Amino acid sequence: NRIINFFFFFLSFISNDLSKLRIDEIPAINRSDEIGTLARTFSKLLGQINIYVEKLELINKIDSLTGIYNRHKFNEITTNIEKENIKDYSIILIDIDYFKKINDTYGHTCGDSVLKNFAGILKSLTRTEDVIARYGGEEFIALINYEKEEEVLGYIKRVKKAITSTN
């Protein structure tokens with residue numbers, strides 16, 4: 001009966017957010033019998049599960065090649081902004097011209113390098129209150145928070161200048 005109660009306790013944690021589970025809250029963790037052994041083993045497994053959950057959450061929002069947000073995370077952010085009815089944002093779509101030609105001529109490794117460097121340039125020019133993401137392929141998208149429209153134009157000019165001055 002104790003073992004059944006013990007497992008029901010753990011199943012209730014599994015059905016909730018695992019990241020909120022504190023190992024020191026698991027009853028019987030300090031027991032020296034089989035239940036204690038099960039509790040300690042389970043706590044180790046929960047630790048490993050939490051590590052994998054964190055990795056999956058990161059994969060779900062970060063583009064693995066460029067290290068910036070992916071389209072999924074960008075859409076999530078814009079949905080939240082829409083719900084909050086924030087109006088002072090501008091969306092800028094940025095596309096690398098002739099990217100297919102780069103891949104065809106120099107190979108995909110070179111193309112990947114171009115994408116990484118391009119993302120790095122965008123990242124360095126983007127303020128913390130703004131959002132950049134890889135939208136797909138060679139398309140990037142920026143969500144720029146502004147008080148005056150000139151700020152958006154300034155951002156576009158800075159990006160253009162940085163790109164044209166990069167070899």
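# From one buried asparagine to the whole chain

N103 is buried, as its relative accessible area is 13%. Here buried means under 20% relative accessible area, exposed means over 50%, and partly exposed lies in between, with a 1.4 Å probe and protein chains only. The residue lies in helix 4, which covers residues 99-106. Leaving aside neighbours within four places in sequence, N103 is in contact with H108 and G111, where contact means heavy atoms within 4.5 Å.

The model is predicted: local features need pLDDT of at least 70, side-chain atom pairs count only at pLDDT 80 or more, and totals for chains, interfaces and linings use all residues. Residues are numbered from 1 along each chain as its sequence is written, and side-chain values use heavy atoms, with hydrogens and water left out.

The secondary structure of the chain comes to six helices and four strands. Helices (H or I, at least four residues) and strands (E, at least two) are DSSP runs, numbered from the N terminus. From that terminus on, the elements run α-α-β-α-β-α-α-β-β-α. Of the 167 residues of the chain, 32% count as buried. Among contacts with a separation of 6 or more, 55% come from residues 24 or more positions apart.

Helix 2 takes up residues 34-61. At 1.5 Å a residue, its 28 residues should span 40 Å, and its end C-alpha atoms are 41 Å apart, which agrees. The expected span is 1.5 Å times one less than the number of residues in the helix. The buried residues of helix 2 are I35, G36, A39, F42, S43, L46 and N50.

The four strands form an open sheet in the order 1-3-4-2, with mixed pairing. Strands of a sheet pair through backbone hydrogen bonds, either parallel or antiparallel. Two strands count as paired if DSSP finds at least two bridges between them. Strand 1 (69-70) and strand 2 are the edge strands, each pairing on one side only. Strand 2 and strand 4 (residues 139-145) run antiparallel over seven bridges, and the bridge partner of L93 in strand 4 is I141. Strand 3 and strand 4 are also paired in the antiparallel sense, over five bridges; here R134 has F140 of strand 4 as its bridge partner.

In a regular strand the side chains alternate between the two faces of the sheet. Strand 2 (residues 89-95) has S90, I92 and I94 on its covered face, while Y89, I91, L93 and D95 make up the uncovered one.

Not counting residues up to four places away in sequence, I92 touches F140, I141, A142, I144, V152, Y155 and I156. A nonpolar core is a set of buried Ala, Val, Leu, Ile, Met, Phe, Trp, Tyr and Cys residues joined through side-chain atoms within 4.5 Å. The largest such core has 18 residues, and those with the most contacts inside it are I92, L122, F140 and Y155. Two or more residues each come from strand 2, helix 4, helix 5, strand 4 and helix 6 (149-164). Helix 5 gives the most, with four residues. Apart from this core lies another, of seven residues, among them I77, I81, V131 and A133.

A pair of aromatic rings is described by the distance of the centres and the angle of the planes. Rings of Phe, Tyr and Trp (its six-membered ring) pair if their centres lie within 6.5 Å; planes under 30 degrees apart count as stacked, over 60 as edge-to-face and the rest as tilted. By this rule the count comes to two aromatic pairs. The rings of F74 and Y135 have centres 6.2 Å apart and planes at 85°, so this pair is edge-to-face. It links distant parts of the chain, with F74 in helix 3 (residues 71-83) and Y135 in strand 3 (residues 131-136), 61 residues apart. F74 counts as buried, at 3% relative accessibility. F118 and F140 form a tilted pair, 4.9 Å centre to centre with 50° between the planes. This pair too links distant parts of the chain: F118 is in helix 5 (residues 108-125) and F140 in strand 4, 22 residues apart. Both F118 and F140 are buried.

Y135 has a further neighbour. The charged end of R71 sits over the Y135 ring, 4.0 Å from its centre. This requires NZ of Lys or CZ of Arg to be within 6 Å of the ring centre and within 35 degrees of the ring normal.

Y98 is found in the loop between strand 2 and helix 4. Its phi is near 60°, a positive value in a residue other than glycine.
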